[in-house]
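Reader: I should like to go through the reasoning behind several structural labels. Please set each value against its criterion.

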Amino acid sequence: MLLEVRGLKLVLGSSEVLRNLNFKLERGETVGLLGPNGSGKSTLLRAIFGVLKPVEGVIYVDGKNISELNIREIARKMGYLPQESAESRLTVRDVVLLGRTPYIDSLKIKPVDIKIAEEALEAVGLSGFEDRKFSELSGGEKQKVLLARVFAQKSEILLLDEPTSHLDISSQIEIMSLIKKRIKDYGSAIIAIHDINLASAYCDKLLLIKRGRIVKAGVPEAVITRESIRDVFGADVEVKNFGGRIHIVPAARRSAISNIRVHIICGGGSGNNVIRNLWEKGFMISAGVLNVLDSDWVTVTELKGDVIDEPPFSKISEKSHSENLEMIKKSDFVILTNLSVGEGNLKNLEAALAAAESEKLFILEKDDFDSRNFAGERAKRLYEKILNLTQENRRFNNETELIRAIEVLLSDKRFTDAS
Amino acid sequence: MKNIHSTQFILLLLFADFIALLFGIGFGSSGIGFKQLFTDSANPLVSAIILNYRLPRTLIAMFVGAGLAAAGCSLQALFRNPLADPYILGVSSGASVGAAIVILIGIASTINIVTAAFLMALLTSIVVYKIGTVGERVPVYTLLLAGVAMAAFLSGVTSLLIYISAKDMHQVVFWIMGGFWTANWFKLQVVSIPIILSSIYLIFSSWNLNAILMGEEHALSVGIDVERFKKKIIIVSALLTSAAVSVSGVIGFVGLITPHAMRMIVGEDNRTLLPSSLLAGAAFMPFVDLIARTLTDGEIPVGIITALLGAPFFLYLLRRSRDVT
């Protein structure tokens, strides 16, 4: 174990900023400190670096209590990159050389120091920048030079405070990759970061911090959940898992919920957009019949709509079919999406026919039916029947127009109801 | 600027210092020039003027110029503020009060004026430092504000002292304007030792000053105990400036302009900038003093000349740097 924080409690002024913090950092590990502004991430880093003295608790680095080390010794063990922006007209070489300060006595710079500085600059891909003025570099380049300065410190632990804030997306990725590469070759890191996606992409472990307390710790999948993000950041998000990589997006916002029911006959993702759009507009949605884990099924379930479903890869049963018809009866509108039809879901066309007969049906057709018909003549005849029963102005080839048509119809209906 | 160039530049400045020394000895209002220096050196008048007057005077000017420039340079780096100068801690106004008191109560011997000015200067900077300290830290802005406020207060005190005793007004005002006409070997001793020691300390601090340039948090991150270092630099600068002011009065702009001019030539790296400023100050001051004592029949206070030359030059730098950055 490289670093251990035990029972850390820190007071600034009259307020407690860190409360009973405990965690460990193993060799080769990247730990992300995640939390909103003012949660204590920077304070924790400064406490670990020994700048802020805790009122309780100990921090061990390599088995040594850091309160017994002076700042010069600490700077050899830990490379700390503050969030404070740096500005000076020093040359890039001089800035990187500052990383050698903990090893330099008065003004004696040895050739080995210069060599280490040059290597550090090379590691961040800025060889040849030595004589450029720091103040004349771009934001991304400055941050890379500062990173080289920290690398030149040759410390096993990196303490990085928001190393990517204020940078554009390509610089963010570059900086994080450089840090990752460095850790792979050399030691470990604690990174304060408020970009949740960046944190989960680059950190092995996350500590979720709320008002100076660790509320959750572990691998990104375990730490980042809809609930924990709402609790700590007060934000409503959807958490996606792309093959173990956690990603959050702002949760969709729903308009005032109406009592208009729309049933969607879909499958294989053909209903995805319609479902989401209608849900956002505040309609009550249902769908069926779908196989469990079908991507439309996932969408409706996520949005907590009603689904009539069958187990994966199984045919629509009589029972589900009658439930589907029941649902159609209850609904104000029914939409038949651009789904593919096979023997398994042929009954969905029968259900759509029923909807067409009761003049509730809207059709979304993007592709020619033949190209998505895998159930032969019977399906084709059924579909033609459905088309015959549906007016031309209820057939659409894109979601936007379809939904607009439903909305127009609704406002007309309300108007006629009122009069 | 590469290292080799900065070495050459420093050699050039050393040469300029040498020339300044020669000129300071070789010219003067008495009309004794280089010629007499070699042909008539046995003449007791010539040797008296050279040895007892021009030599200490020129050396004092060099030390004062070097000291003010070095202190200005260090404080500009420490505060990361281009407007910082050696008098930022209220040293000049403190020294003025000290000198004024001694002159007005009628005990104005050289040693009394120097001692009073020095002690009051030091005392003022201590008070400013104490007021500017918040907890255990010394935030730059509180220190600067405390210095400005203290200077304003003490200027008021000096004005009051001058006002209530109109008899010696001339002498006090003359002292405040700054000059080297009362130079002697005693003053040289007073000024040289603190300035030499302080300057050496500052030059050895130039690496840490570079780190501070990046920001205090960044200096901390490379293992510098920033608060302690700040205290040391402030104390050393105050000591140095107090010594300079006590023998020469308030000579403005040298400590502000010299580091700026050098920065434009050698760049920001204090390892080069500090020695360059120091040597440039040492060359500049005797030249200005030479102008002060030869331009008219009488003698113009040096502070007037530095302000007349310095302020327009500063404005020029300001315009230029605005175009650059």
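Reader: Which elements does chain B run through from the N terminus on?

Author: In this predicted model, the elements of chain B run α-α-α-α-α-α-α-α-α-α-α-α-α-α. The chain has 14 helices and 0 strands.

Reader: How do you know whether the radius of gyration of chain B agrees with that of a compact globule?

Author: A compact globule of 325 residues would have a radius of gyration near 20 Å, and chain B has 20 Å, so the value agrees. Along the principal axes, the C-alpha atoms of chain B fill a box of roughly 65 × 55 × 35 Å.

Reader: How do you know whether the span of helix H13 of chain B agrees with its 25 residues?

Author: At 1.5 Å a residue, helix H13 (residues 270-294) of chain B should span 36 Å; its end C-alpha atoms lie 35 Å apart, which agrees.

Reader: What makes H13(B) largely enclosed by the rest of the structure?

Author: A residue is buried if 20 or more other C-beta atoms lie within 10 Å of its own. Of the 25 residues of H13(B), 21 are buried, so the helix is largely enclosed.

Reader: What makes Glu359(A) count as buried or exposed?

Author: Glu359(A) has 11 C-beta neighbours inside 10 Å, so it counts as exposed.

Key. Residues numbered from 1 in each chain as written. Chains lettered and ligands numbered in written order. Predicted model: local features only at pLDDT ≥ 70, side-chain atom pairs only at ≥ 80, totals over all residues. Helix = DSSP H or I, 4+ residues; strand = E, 2+ residues; numbered from the N terminus. Rg over C-alpha atoms; globule rule 2.2 N^0.38 Å. Expected span 1.5 Å × (residues − 1). Buried ≥ 20, exposed ≤ 12 C-beta atoms within 10 Å, placed from the backbone.
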